[in-house]
Amino acid sequence: MKKVILLLLCAGIYLTGIDKLTAQHKPQKEAKEKEAEEEAPLIFKFDPEYSEEADLERKEFLAKRAIIDTMDLSETRRIKLIRDLYMNRDSKRLAKVLLADTDNEAAVD
């Protein structure tokens, strides 16, 4: 009789422990699934056009960089212009060079 009670007590404790162990894994799985759904930064949730704006600015930046790289300039002046492009995209020195480049294109056409 004592063995049966002891066996039932051990089985009850075992089943209670298994229930607690499986309960700990369920929220982790749900959290991982939720995290996978929300991989994008939160800024896209509140401002969906942010990505488009950032891509447009990046393309403009790369276009200006390509113009500077293709111009016949000294290396030091090219470095200064690229630095201006990175630091302040509306600097006078950069505007003057880009304006001169577009004037040359208009004269060629």
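Reader: Arg 78: buried or exposed?
Author: Buried. In this predicted model, Arg 78 has 15% relative accessibility. The cut-off for buried is under 20%, so Arg 78 qualifies.

Reader: Which side chain does Arg 78 meet in a salt bridge?
Author: Glu 75. The N to O distance is 3.4 Å.

Reader: Where do Arg 78 and Glu 75 sit?
Author: In helix 4. They are three residues apart, so about one helical turn separates them.

Reader: How many salt bridges does the structure hold?
Author: Three. One of them joins Arg 65 and Asp 69, at 3.5 Å from N to O.

Reader: Which helix holds Arg 65 and Asp 69?
Author: Helix 3 holds both. They are four residues apart, about one turn of the helix. Arg 65 is partly exposed, at 26% relative accessible area. Asp 69 is partly exposed too, at 38%.

Reader: And what does Arg 93 form a salt bridge with?
Author: Asp 84. Their closest N and O atoms are 2.7 Å apart. Asp 84 lies in helix 4.

Reader: Why does Asp 84 count as buried?
Author: Its relative accessibility is 14%, and buried means under 20%.

Reader: What else is Asp 84 in contact with? Skip neighbours within four places in sequence.
Author: Besides Arg 93, Asp 84 is in contact with Arg 89, Ser 91 and Leu 94.

Reader: Switching to the core. Which residues make up the largest nonpolar one?
Author: There are 10 in all. Phe 61, Ile 68, Met 71, Leu 73 and Leu 81 belong to it. So do Ile 82, Leu 85, Leu 94, Val 97 and Leu 98.

Reader: Which helices supply at least two residues of this core?
Author: Helix 3 (50-70), helix 4 (75-87) and helix 5 (92-108). In soluble globular proteins, nonpolar side chains tend to be buried together.

Reader: Take Leu 85. What is it in contact with, leaving aside neighbours within four places in sequence?
Author: Phe 61, Ile 68 and Leu 94, plus Lys 64 and Arg 65. Of these, Arg 65 is the one in the salt bridge with Asp 69.

Reader: Now the surface. Which residues make the nonpolar patch?
Author: Leu 6, Leu 9 and Ile 13. The patch covers about 310 Å².

Reader: Where is Ile 13, and is it buried or exposed?
Author: Ile 13 is in helix 1, which spans residues 2-37. Ile 13 has a relative accessible area of 55%, so it counts as exposed.

Note on methods. Residues numbered from 1 in each chain as written. Predicted model: local features only at pLDDT ≥ 70, side-chain atom pairs only at ≥ 80, totals over all residues. Heavy atoms only, no water. Core = buried A, V, L, I, M, F, W, Y, C linked by side-chain atoms within 4.5 Å. Buried < 20%, exposed > 50% of the residue type's maximum accessible area, 1.4 Å probe, protein only. Contact = heavy atoms within 4.5 Å. Patch = residues over 30% accessible without salt bridge, like charges linked within 9 Å, V, L, I, M, F, W, Y side chains within 5 Å. Areas by Shrake-Rupley, 256 points an atom, 1.4 Å probe, with all protein chains shown as cover. Salt bridge = Lys/Arg side-chain N within 4 Å of Asp/Glu carboxyl O.
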